[in-house]
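Let's look at how side chains pair up in this protein, one question at a time. Keep the structure open beside you as you read.

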Amino acid sequence: MALSGKLICYVEISKSGDIFHDIIRHNPHEMVAIAPEKVHDCELHEGERGVVGSVVSWHFTYDGKKEISKQIIESVNEENHTVSFKVIGGELVDKLYKSFRITFHVEPKGDVQVGTVTLEFEKRDISVPYPTSFMDLLCSLVKDMDAHNKAT
């Protein structure tokens with residue numbers, strides 16, 4: 001069994017990539033209002049919101065318990081609506097995975113926009129499960145953002 005892996009989720013969205021990119025990069029604290037039962041806070045620790053090298057902590061509910069994930073913005077591509085975060089603290093890297101990266105990306109596919117979430121990870125050992133339930137959480141957040149944006 002491989003210790004490194006990649007999971008990708010595609011979600012068709014109704015708005016342009018600019019809106020999703022703006023929330024994830026510049027206004028992640030808005031996720032608290034969009035999905036309060038899932039996301040409880042997004043704290044800025046270092047730098048400026050949306051700037052490469054900035055450090056944020058997400059407070060969220062995952063698998064029925066409250067968690068914190070400390071992340072650094074690793075890369076941003078405005079043109080391609082891409083933001084990548086490297087997880088540097090919290091249960092994901094403290095207990096389960098040696099490394100963990102989350103990338104959000106929006107791109108046109110024909111007549112629609114597709115929100116893509118990519119998880120790249122290295123498990124500490126073969127007993128660590130693939131992060132499928134965490135991927136489910138992130139994909140449901142993309143759907144929540146889309147529903148919120150349809151209402152505005």
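Q: How many disulfides does a search of the whole structure find?
A: This is a predicted model, and a disulfide here is a pair of cysteine sulfur atoms within 2.5 Å. The sulfurs of Cys-9 and Cys-139 are 1.9 Å apart, and a disulfide joins them. Searching the whole structure gives a count of 1 disulfide.

Q: How many residues apart in sequence are the parts that Cys-9 and Cys-139 tie together?
A: Cys-9 belongs to strand E1 (residues 4–13). Cys-139 belongs to helix H4 (residues 132–151), so the pair links parts whose separation in sequence is 130 residues.

Q: Is Cys-139 buried or exposed?
A: Buried means under 20% relative accessible area. Cys-139 has a relative accessible area of 7%, so Cys-139 is buried.

Q: Which cysteine sulfur is nearest to that of Cys-42?
A: Cys-42 is in no disulfide. The nearest cysteine sulfur lies 18 Å away, and it belongs to Cys-139.

Q: Is the pair of Tyr-97 and Phe-121 stacked or edge-to-face?
A: Planes under 30 degrees apart count as stacked, and those over 60 as edge-to-face. The ring centres of Tyr-97 and Phe-121 are 5.7 Å apart and their planes meet at 70°, so this pair is edge-to-face.

Q: Which ring does the charged end of Lys-123 sit over?
A: The ring in question is part of an aromatic cluster whose members include Phe-60, Phe-134 and Tyr-130. The charged end of Lys-123 is 4.1 Å from the centre of the ring it sits over, that of Tyr-130.

Methods: Residues are numbered from 1 along each chain as its sequence is written. This is a predicted model: local features need pLDDT of at least 70, side-chain atom pairs count only at pLDDT 80 or more; totals for chains, interfaces and linings use all residues. Side-chain values use heavy atoms; hydrogens and water are left out. Rings of Phe, Tyr and Trp (its six-membered ring) pair if their centres lie within 6.5 Å; planes under 30 degrees apart count as stacked, over 60 as edge-to-face and the rest as tilted. A charge sits over a ring if NZ of Lys or CZ of Arg is within 6 Å of the ring centre and within 35 degrees of the ring normal. Helices (H or I, at least four residues) and strands (E, at least two) are DSSP runs, numbered from the N terminus. Buried means under 20% relative accessible area, exposed over 50%, partly exposed in between (1.4 Å probe, protein chains only).
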